[in-house]
Amino acid sequence: MGIYTRLAPFIPKQSCVLCTERSIFCVCEYCEQSLQVSQHRCRSCAVPLNSDLHFCGACLTHAPLFANAYALYDYSGVCANLIKRFKFDHQLCIGDFFAHKLHEKYLNLVSDQGEYDAIIPLPLSANRLRERGYNQTHELLRVIAKKSNILIDRTSVKRIKLTRALSTLNLEERKIEINNAFSAQAMIYNKVLLVDDVMTTGSSLNELAKTVLKAGAKSCDVLTVARA
Ligand SMILES: [Zn+2]
Ligand SMILES: [Zn+2]
């Protein structure tokens with residue numbers, strides 16, 4: 001491999017979508033620092049906590065069905081802006097930036113917690129997929145798919161119910177809307193990692209956890225780019 005080939009990935013060739021500086025990804029290292037990262041989170045659902053407690057009040061009264069949740073960033077300010085531009089304005093280079101960060105996080109997780117048998121991205125409904133043209137979570141998993149041997153299972157779970165946009169609903173309405181939204185083929189995984197772009201109330205990921213556990217998975221964790 002010649003020196004130029006080896007250096008090629010490190011030569012800045014994009015402009016940062018936030019400040020227009022040349023950078024390796026379309027979010028430069030400087031702007032990346034403006035993404036908020038809470039260090040102290042609920043062990044169960046990853047919501048940022050102000051106290052020294054290990055779990056949030058909601059998880060203490062009613063624990064989610066996934067064991068642990070992990071998130072890269074807080075869903076606020078710059079991060080929320082980037083995710084919206086990726087999802088709704090089709091700025092795929094932002095997805096590429098997040099995909100690299102998700103891969104780093106995944107490697108840390110595996111070295112701390114051990115291997116997973118499979119990753120299951122939160123499935124979109126056929127309608128939403130047609131509207132958007134792609135499943136954003138598949139884009140976010142591109143780097144993991146390319147650089148690790150983990151099985152990314154995109155087919156065992158299907159979305160079988162048309163749901164309204166959950167962002168317009170309150171917590172109770174979300175739970176009712178998402179109930180029985182997925183169906184899954186029988187699976188023999190011990191440990192599954194469920195992945196989505198943003199966790200807000202966790203209703204969708206909890207429902208997905210319910211579905212994969214019923215289908216035979218022994219336990220599951222959750223990884224998202226952002227946590228509200
Ligand atoms: Zn920048
Ligand atoms: Zn919690």
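1. In this predicted model, Arg174, Lys175 and Ile178 of helix H9 meet Ser203, Ser204 and Glu207 of helix H10. Sorted by class, the contact of H9 with H10 holds three charged residues, two polar ones and one nonpolar one.

2. The geometry of this pair is as follows. H9 covers residues 171-178 and H10 covers residues 203-214. Their axes lie 9 Å apart, at an angle of about 35 degrees. The crossing of H9 past H10 is right-handed.

3. Next, the sheet. It is open and built from five strands in the order E3-E9-E8-E4-E5, with parallel pairing. Strands E3 (69-74) and E5 (151-152) are at the edges; each has a single partner strand, so one side of each has no neighbour in the sheet.

4. Strand E8 (residues 191-199) pairs with strand E9 (residues 219-227) in the parallel sense, over eight bridges. Val195 has Leu223 in E9 as its bridge partner. H10 packs on the sheet, where it touches E8, E9 and strand E4 (118-121). The direction of H10 makes about 160 degrees with that of E8.

5. Which residues have the most contacts inside the largest nonpolar core? They are Val27, Val192, Leu194 and Val212, in a core of 55 residues. Elements that each supply at least two residues of this core include helix H4 (77-88), helix H5 (92-113), strand E7 (182-184) and H10. In soluble globular proteins, nonpolar side chains tend to be buried together.

6. Val212 deserves a separate look. Leaving out residues up to four places away in sequence, Val212 touches Ile120, Val157, Ala184, Met187, Val192, Ala217 and Cys220.

Methods: Residues are numbered from 1 along each chain as its sequence is written. Chains are lettered from A and ligands numbered from 1 in the order in which they are written. This is a predicted model: local features need pLDDT of at least 70, side-chain atom pairs count only at pLDDT 80 or more; totals for chains, interfaces and linings use all residues. Axes are lines fitted to C-alpha atoms, for helices over the stretch in contact, and angles run from 0 to 180 degrees between N-to-C directions. Helices (H or I, at least four residues) and strands (E, at least two) are DSSP runs, numbered from the N terminus. A crossing is left-handed if the near helix is turned anticlockwise from the far one by less than a right angle, and right-handed if clockwise. Two residues are in contact if their C-beta atoms, placed from the backbone, lie within 7 Å. Ala, Val, Leu, Ile, Met, Phe, Trp, Tyr, Cys and Pro count as nonpolar, Asp, Glu, Lys and Arg as charged, and the others, Gly among them, as polar. Two strands pair if DSSP finds at least two bridges between them. A nonpolar core is a set of buried Ala, Val, Leu, Ile, Met, Phe, Trp, Tyr and Cys residues joined through C-beta atoms within 7 Å. A residue is buried if 20 or more other C-beta atoms lie within 10 Å of its own, exposed if 12 or fewer, and partly exposed in between; C-beta atoms are placed from the backbone.
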